[in-house]
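These are my notebook entries on one protein model. I set down what I looked up, entry by entry.

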Amino acid sequence: MLSLRRRLLFGTALGTAGVLCVAGFALYTMMRASLYAGFDGSLRQKAETLADLIEQEHDGIELEFAEADMAEFKRSDRPEYFQVWLADGTLVQRSPSLKGRDLPRRRAPEPEIRDAALPDGQPGRIVTLHFSARPDGEHDAPAKPERLIMALARDTRDVETALAELRFALVLVGAVATLASVGVLAWLVQIGLKPVNALATRIGGIDEDRLSERIDPADSPQELQSLVHRLNDLLTRLDSAFAREKTLTADVAHELRTPLAGLRATLEVALSRERDPAPYRKAMSECLEICTQTQSLIENLLALARLDAGWEAIQRNPTPIAKLLQETWKPFQKAAGDRKLDVRWDVAPGLTAQTEPDRLRLVLSNLFQNAVHYVDPGGEVKVEAIQANGTLRIRVSNTGSRISPEEIARVFDRFWRGDDAREHDGVHCGLGLSLCKTTMQHLGGTIGAATENGSFQVTISLPTNAGSD
């Protein structure tokens with residue numbers, strides 16, 4: 001691909017050459033018309049002058065200029081030609097230069113000037129006049145003036161020579177002007193691209209350790225300010241992404257260190273002295289529970305990684321919502337019963353959505369798990385589902401929330417746990433709602449959270465038809 005500099009130079013050269021060609025052609029056309037207009041005017045004027053010198057006498061037609069020394073009609077180099085006829089075509093006189101040959105005669109009465117091939121083979125112009133002979137002043141005027149036809153011809157070599165010189169001058173001036181404009185533009189482009197080069201140098205100096213830097217748009221030309229704004233936006237997103245990556249690495253290390261420390265402590269205590277089988281079995285059960293929790297963390301991380309990388313294709317199918325909700329709730333029924341929770345359902349019958357059931361089940365499972373785990377003992381868990389205007393909305397809420405309205409915006413951040421009850425509970429690591437948000441984005445839906453009167457609510461929305469996305 002050509003560089004911007006070469007594109008500008010090539011485009012300018014082409015554009016300048018095109019404009020000069022059009023202007024040169026227009027100028028040449030006007031000059032040619034002007035030269036030929038002058039040539040034709042001179043030729044016609046001379047023909048009219050010669051016609052005035054033709055008299056009609058009683059004994060015939062007399063050409064007063066026939067005996068004059070008019071060298072242009074006698075010379076061998078570039079001669080001029082004339083010929084005079086009566087109206088009936090009878091020859092009256094022809095110039096010596098014709099050497100017995102005839103000029104073309106036009107019978108139409110209107111004067112005409114046209115291109116013609118001269119007897120010597122040269123290109124020229126010929127004028128034809130129809131006129132009445134002037135009566136002789138020494139005798140009485142004839143009763144009927146004689147009508148005559150005159151043809152006068154001259155070569156156009158002088159005009160064509162002038163036009164050839166004009167063409168050469170136009171081509172030369174056009175080529176010089178094009179080269180000069182390209183040279184001037186090359187200099188101007190070099191100066192004009194300095195801000196671009198400076199911006200490129202500034203961008204090249206920003207690495208992963210300086211992503212917090214921003215480029216001041218005021219230091220760039222107006223044409224580059226939009227690019228600078230977009231670049232600053234990109235740097236902001238990259239800075240946020242790198243910060244999230246660093247935070248994620250630290251959080252994952254912390255989350256994995258906690259269960260590993262638990263495993264080590266349990267095993268060290270169990271191996272510190274000889275014990276009965278029952279304490280060993282209890283220690284192994286605790287280790288198994290820690291392993292299960294760690295596996296859940298790793299599976300959630302893998303699911304998030306796959307979704308972020310787009311490795312899993314989406315295959316949406318019509319899904320009965322009420323049935324999916326009931327099937328997803330079953331694993332949590334025992335825990336809800338043990339905690340004596342009041343579980344309320346408000347699900348309209350016959351609800352369907354165009355979605356992928358397995359991924360939606362993953363989202364609902366996380367919402368149910370959070371609701372059952374964080375609800376206050378003997379509290380209420382409510383599941384609602386409605387469909388309106390082509391959108392399905394499912395809401396899962398639980399009482400006993402201690403999250404403030406100011407913290408709601410962060411509940412979908414990875415590894416964030418604002419509720420004191422969530423800190424170091426050994427079960428939740430702060431990935432559930434983040435996984436739900438990412439999954440809903442891939443399903444073409446939305447998810448939002450709110451808290452009201454001690455009730456924590458999460459609402460998801462899905463399109464009910466295949467065309468909505």
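**Entry 1: surface patch.** I take a patch to be made of residues with over 30% relative accessible area and no salt bridge, with nonpolar side chains joined within 5 Å. The model I consulted is predicted. On this basis I found a nonpolar surface patch of about 390 Å², to which Val 184, Trp 187, Leu 188 and Ile 191 contribute. I then looked up Leu 188 by itself and placed this residue in helix H2, which spans residues 157-192. Leu 188 has a relative accessible area of 43%, so I recorded this residue as partly exposed.

**Entry 2: the chain as a whole.** I noted nine helices and 15 strands in the protein chain. The chain has 469 residues, and 34% of them count as buried. For the accessible surface I wrote down about 27500 Å², with 55% belonging to carbon and sulfur atoms. I also looked up the contacts between residues at least 6 apart in sequence, and 65% of these join residues at least 24 apart.

**Entry 3: a sheet.** I followed an open sheet of three strands, ordered S2-S1-S7, and noted that the pairing is mixed. Strand S1, residues 54-57, runs parallel to S7, and two bridges join them. In this pairing I found Gln 56 opposite Pro 135 of S7.

**Entry 4: cysteines.** How many disulfides does the count give? The count comes to zero. I checked Cys 287 and found this residue in no disulfide, with the nearest cysteine sulfur, that of Cys 291, 6.6 Å away. A disulfide requires a pair of cysteine sulfur atoms within 2.5 Å.

I located Cys 291 in helix H5, residues 277-309. With a relative accessible area of 38%, Cys 291 is partly exposed. Lastly, I looked up the separation of Cys 291 and Leu 263, which lie 28 residues apart along the chain. The C-alpha atoms of Cys 291 and Leu 263 are 8.2 Å apart.

Methods: Residues numbered from 1 in each chain as written. Predicted model: local features only at pLDDT ≥ 70, side-chain atom pairs only at ≥ 80, totals over all residues. Heavy atoms only, no water. Helix = DSSP H or I, 4+ residues; strand = E, 2+ residues; numbered from the N terminus. Buried < 20%, exposed > 50% of the residue type's maximum accessible area, 1.4 Å probe, protein only. Contact = heavy atoms within 4.5 Å. Areas by Shrake-Rupley, 256 points an atom, 1.4 Å probe, with all protein chains shown as cover. Pairing = 2+ DSSP bridges. Patch = residues over 30% accessible without salt bridge, like charges linked within 9 Å, V, L, I, M, F, W, Y side chains within 5 Å. Salt bridge = Lys/Arg side-chain N within 4 Å of Asp/Glu carboxyl O.
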